[in-house]
Amino acid sequence: MSISIHAPYEVPGTEAILTEEALAFLEELHTRFAGTRNELLEDRRTAQAAAASSGTVDFPAETAQVRDSDWSVAEHPAALQDRRVEITGPAAPAKMAINALNSGAKVWLACLEDALAPNWFNVIDAQRNLAGAASGTLEFTSPEGKQYRLREDVETPTVVVRPRGWHLPEKHLQLDGTPTIGALVDFGLHFFHNAKTLTEQGRGPFYYLPKLEHYKEARLWDEVFSFAEEKLGIPHGTVRATVLIETLPAAFHMEEILYELRDHASGLNAGRWDYLFSLIKYFRASGEQFVLPDRAQVSMTQPFMRSYTELLVKTCHKRGAFAMGGMAAFIPNRREPEVTAQAIEKVRDDKSREAADGFDGSWVAHPDLVELCREEFDAVLKNKPNQLGRQREDVDVSSADLLDVAAAEGDVTEAGVRMNLYVAVYYTAIWLSGNGAVAIHNLMEDAATAEISRSQVWQQIHNGTVTADTGVKVTAELVSRLLDEEIERLRGEIEDAETFSKFFEPAAGIVRALVLDEEYIDFLTLPAYELMP
């Protein structure tokens, strides 16, 4: 066998996950599909360079027939007919997985991507937890003796697994000396161990697909699904996938993405934070007209974001697919009732708007928000499981509408630059420590937050942006000074000096390089991953 395991330490239960048969399945996935994946990643670089040069993106001319012809995705299984509230969170540790499964949500997005730091323990533990979820046997006892088990008095959510994006490697498993592909490892291990069980239950296997940038990347996933189904004797079309439209180019390929996956497609999701990150990345050096206001000011009511979400709903329902709303990242804090009350109202307004716009459901990051989200969708759905019948023929979105960043209201401020640097360092440090989802100032943050934060600062430097609150031009020198000050602020907040030295200092070094280097690095997680055990 060509796949070798490079385990930095022992993880309990590894032998049940990395069986000889499972590794052979992973090897066959890589032999068949790795070459195409590598070509598609190279195509991304070419497309981004062309967009940066022209300052625009458009709907692909070669697929006009797909957009103009009459077709729909396959009929949906019963387990995915009602998705009005979905809770998101990492598939490890077991405690968080159990809390999600006990939340009362209709769906649990079990994340192996932005909300899961891919150290060796988490890679294996997540697969163990997903197997326990599929069999109904998942349980956990804390070091203090507290027991966590799946409740029998609430409906267990349908599990939809989010593997890593096409761009991320898995260095702990190598094929002929080369790191394997994180997406194929995550999907392959989950599918191999759970597909038959989930098929018998009528509850999967189902997946969320992140970071796609082209319909050809969806075609590759469709080929992976079809091969895996045939290999394990699973009926064709059993796998269902919801695609996160969280990159700018994917917004111009929505119909084509559904078409390529039509036998396996479930819907599309408005991955709002990664979408902003992608927009910044795509046009980072294309002029001041693409510089966004401070991150906190870029709400879903900004015109270019409204265009994106309304086009998503129209596209999905035109093709019989579900339209899933974005994340409510707020974390209720009982110690701050006034702040919590104000934030709850903002979350309620957000979910109310999505339900009114025609979305079939939406995301929350905390169990305490499940009921709020359900209430807002119940008010619109009544007795219906979804809004597939609402076609939104009133929506007419052009490429110019999607790219009208210049019309966004708000300012770039020095306070915003500081907050971006603070959050980027804080999150990266926590990620290096092995936690991919962390509460920062009452918001549940994942990798997308850090990506937006550091990308905005890089873009502001390279466009000579002037801050509205201080009237100072954003330069490398200014950012270096502000970063030093934010690092010292964090040093004062982190009580354990060893933790700061082990995780925050290397995180600060990564962020410093990302915001100050002349060359833009596509993903923060790539250099950070090199430091992860």
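This is a predicted model: local features need pLDDT of at least 70, side-chain atom pairs count only at pLDDT 80 or more; totals for chains, interfaces and linings use all residues.
Colleague: What makes the 124 residues a nonpolar core?

Modeller: A nonpolar core joins buried nonpolar residues through side-chain atoms within 4.5 Å. The largest such set here has 124 residues. Trp108, Phe191, Trp221 and Ile245 have the most contacts inside it. Helix α2, residues 20-54, gives the most to this core, with 10 residues.

Colleague: Which residues is Ile245 in contact with, leaving aside neighbours within four places in sequence?

Modeller: Including Ala250, Met254, Leu268, Tyr275, Tyr308 and Leu312. Contact means heavy atoms within 4.5 Å, so each of these residues has an atom that close to Ile245.

Colleague: How do you know that β1 and β7 pair?

Modeller: Pairing takes at least two bridges, and β1 and β7 have three, so they pair. The sense is antiparallel.

Colleague: What makes β1 and β8 edge strands?

Modeller: The open sheet runs in the order β1-β7-β8. β1 (3-5) and β8 (178-181) each pair on one side only. From one strand to the next, the twist averages 65°.

Colleague: Which helix packs on the sheet?

Modeller: Helix α6, residues 182-201. Helix α6 touches β7 and β8, and its direction makes about 55° with that of β8.

Terms used: Residues are numbered from 1 along each chain as its sequence is written. Side-chain values use heavy atoms; hydrogens and water are left out. Buried means under 20% relative accessible area, exposed over 50%, partly exposed in between (1.4 Å probe, protein chains only). Helices (H or I, at least four residues) and strands (E, at least two) are DSSP runs, numbered from the N terminus. Axes are lines fitted to C-alpha atoms, for helices over the stretch in contact, and angles run from 0 to 180 degrees between N-to-C directions.
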